[in-house]
Amino acid sequence: MEHSTVQETHRKEFLIYLAMAAAPLTVYIIFFILPNLQTLVYSFFKWDGVSPEKVFVGLDNYVNLILREPLFSKSLRNTVTYTAMLIFFGTISGLALALLLKVSTRINSFFRSLFFAPGVLCAIAVGLMWKIGLYDPTIGAVNGVLKMLGLKSLTATWLSGGTEVVCIVLIHIWTFMGFSMIMYIAGLNAISEDLYEAALIDGAGRVKTFIRVTLPLLGDTTGTVVLLALINGFTCFDYVYFLTKGGTNGSSEVLATLLYKQMFTYGSVGKSAAISVMLLLVILVFSLLQRQLSRRDW
Amino acid sequence: MMIEGQRTLRILKYLIVALLAFAVLYPILLCLVNSLKTDKEMYTNFLGLPRQYRWENYVEAWSKGFTIYYRNTFIVTILSVAVSIVGSLLLAYVLTRKRFKLNPIIYTLVIVGMTIPPQISATPLYLLVKDLRLMNRYAGLILTFVAYRLPFTTFIIYGCFKGIPAQIEEAANIDGCGEGQLLTRIFIPLSKPIITAAMIFSLVYVWNNYFFPLMLTTTNEMKMIANGLVQFQGQYRSSYTLMFAGSVVAFLPLLIVYFIAQKQFIMGMTSGAIKG
C-alpha cells in the first residue's frame, strides 16, 4: 500500500485545520476584530457615518473632547466615582458574604444561590424595580422607610439631582455582589488549613490571622474581582442609560453613555471612537497591571 | 460549655445571614408583591402583602407585546449559543491539536478579545451591520453575539482540551479514530461540564442583553426582552402595578430556570474568572 508522503499529510492536516477554524475565525474577525480596529482608525477622522466624506483630523477629536467638551469632564468624574464605588463595595460585600458562607454545606449553598440571584436578572427589569419600588419619591421604599423613621427631611428624588450616580451604582453593586462572593469563596477555600493552624500555634488572634494570612493570600482573587469591577464600572451603560439617559446637564453622564450619544445623537463618529479608544487604553493598562501583579511572588 | 457557646454563635450567624438575604432580595420581593395588587391598593398599602392576588396583571402585561419579545429572544439566544459553542469547539480543537505558526496569533487574539467590552467597538459595529444590511434581522444580532462570545468560550474550552492527556489521543489513533471522531467521541464528552458552563454563561449573556439589540434593532417586531421592557414601561407608565408585572414577566422565567439549575448557573457564570 502506498503511504502518503510527508508533504501530502501536512497539506491534508492544513486543509482540515483551515476547514475547522475558518468559519469561527471569519465571524470573529469581521464582527469583533475589525470593528475594534476601525474604532482606532475612526478616532482620527471627522465623520458623520453617513456621508462619504471622512476628514482626517489627527488628534483633534481627543483634544476637543478633553479640553472643550464640558460633558467629557463631567462624565469622566461620574465614571470614576461609579467605578471606585463599584470596586470598593463590590469587593468588600463579596468578601464579607464569602467569609460567612465559605463552607460548602447545604444551607450555605442555599444562601449562596440567593445572594447570586440578582446577577441573573435582566438589567432593565432590575433598573425598573429599583426605580419604582425603591427610589420613587412618592411610593418608593427608601422614602417610605425614611418617613416611617420620622426622617422626612432626608427624603429626596433619588434619581435626579446630585444623588443619581450613587443610587445607580448601588444597583450595580447589588447585582455584582453574588459574583464577587463566589470568587472569594473559591479564593478562601484555596487557602490551606495548615496555614491557619500554624498561625494559631504562633499565637495569632483572629484579626491578626485575617490580616496577615487570609488577606495576602486572597491577593490574586482580589486582583481578578477588582479588574472585573473596573472594566464593568468604566464601561457601564445599561443602568445609567435606562434610568437617567445621562441626566440633566450631564449629572449622571458616564463615558459609555457619552460615547453612545456622540454617535447617535450628535452624529460624530470620530469623537465616539475617541472615547472608545480612551476606554480601551484604561482597560488594557489595568489588565496588564493585574497580570503582572498576579505573577509576582509576594 | 464550649459547644453551647459555639452553637449560639452559629445560630446568631445564620440569623444575620438570613436578614442579609432578606435585605438583598427585598427589591425582588417588593416587585413581586406589588405586581399582584391593584393600583389603588398599591398606593395605600405599598409595603404589605396584597389582599387579593391579581394574577390577571401578568396576563395583561404579557399581552402588551411580550410574545414577540420572547420569540425573538428565544430564537436569537438559542442560535447564538449553539453557533458560538460549535465555533469555539472547532477553534479550541484546532488550537490544541495542531501546531501551526498562526496558532499563537489566534490565541492572543482570543485572550485580548475576552477583556474588551462591546462599548469599545459600538460605533463601527453599528455601521458595519448597517452596511451589511443586517439591521433588524436575526442574523445581525446572532453573528454579533457569536463574535462576542467566541473569545471567552474558546478560552475555557481550550483550557479543558489542553488538559486531555496525549495518551488518550494516541490510544484513539491506534484504534483507527479519524479527526472528526476524535473531536466528537472523545474531546467533547470529556469536556461536558466546561461546555455546559460556557453554554449557560452565553445563554444568560445573550438572553438579558440590552446593548446590542438597542443598537442593532429599531423596530418593535425585533426587540428582545430587555428592550421590549423599555418599550413597555415607556407606554404604560401610568400604572405602576402594570410596570411591576411587566418586570416580573421579563425576569421570572430565567430566574426560575436559574433556581432549578443553580449549581450549573453559578459555575457557568464564574468559571472563566476562577483560575483552574
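A salt bridge is a side-chain nitrogen of Lys or Arg within 4 Å of a carboxyl oxygen of Asp or Glu. That rule is applied below to a predicted model.

**Figure 1. The interface of chain B and chain A, without salt bridges.** Across this interface the rule finds zero salt bridges. By class, the side of chain B that touches chain A has 65 nonpolar residues, 13 polar ones and five charged ones. Polar contacts do occur: 12 residue pairs make them between chain B and chain A, counting pairs with both residues at pLDDT 80 or more.

**Figure 2. The extent of the contact between chain B and chain A.** Chain B puts 83 residues into the contact, and chain A puts in 81 residues. About 7,500 Å² is buried between chain B and chain A. Carbon and sulfur atoms give 80% of that area. Helix α1 of chain B, residues 2-34, supplies the largest share of the side of chain B that touches chain A, with 13 residues. The predictor gives the complex an ipTM of 0.90 and a pTM of 0.91.

Figure 3. Helix α8 of chain A covers residues 193-201. A:S192 caps its N-terminal end. A side-chain oxygen of A:S192 lies 3.1 Å from the backbone nitrogen of A:D194. Just after α8(A) comes A:G203, with a positive phi of about 85 degrees.

**Figure 4. The fold of chain A.** Chain A has 13 helices and two strands. Its radius of gyration is 25 Å, well over the 19 Å that the globule rule gives for 298 residues, so chain A is more spread out than a compact globule. Along the principal axes, the C-alpha atoms of chain A fill a box of roughly 75 × 65 × 35 Å.

**Figure 5. The helices of chain B.** Chain B has 14 helices and zero strands. From the N terminus on, its elements run α-α-α-α-α-α-α-α-α-α-α-α-α-α. Chain B has a radius of gyration of 24 Å, whereas a compact globule of 276 residues would have one near 19 Å. The C-alpha atoms of chain B fill a box of roughly 75 × 75 × 35 Å, taken along the principal axes. The mean pLDDT of chain B is 89. In chain B, 97% of the residues reach 70 or more. Where pLDDT is low, the predicted coordinates should not be read in detail.

Key:
Residues numbered from 1 in each chain as written. Chains lettered and ligands numbered in written order. Heavy atoms only, no water. Contact = heavy atoms within 4.5 Å. Buried area = accessible area lost by both parts, 1.4 Å probe. Polar contact = N/O pair within 3.5 Å; in protein donor to acceptor, adjacent residues only side chain to side chain. Helix = DSSP H or I, 4+ residues; strand = E, 2+ residues; numbered from the N terminus. Nonpolar A, V, L, I, M, F, W, Y, C, P; charged D, E, K, R; others polar. pLDDT = per-residue confidence, 0-100. Rg over C-alpha atoms; globule rule 2.2 N^0.38 Å.
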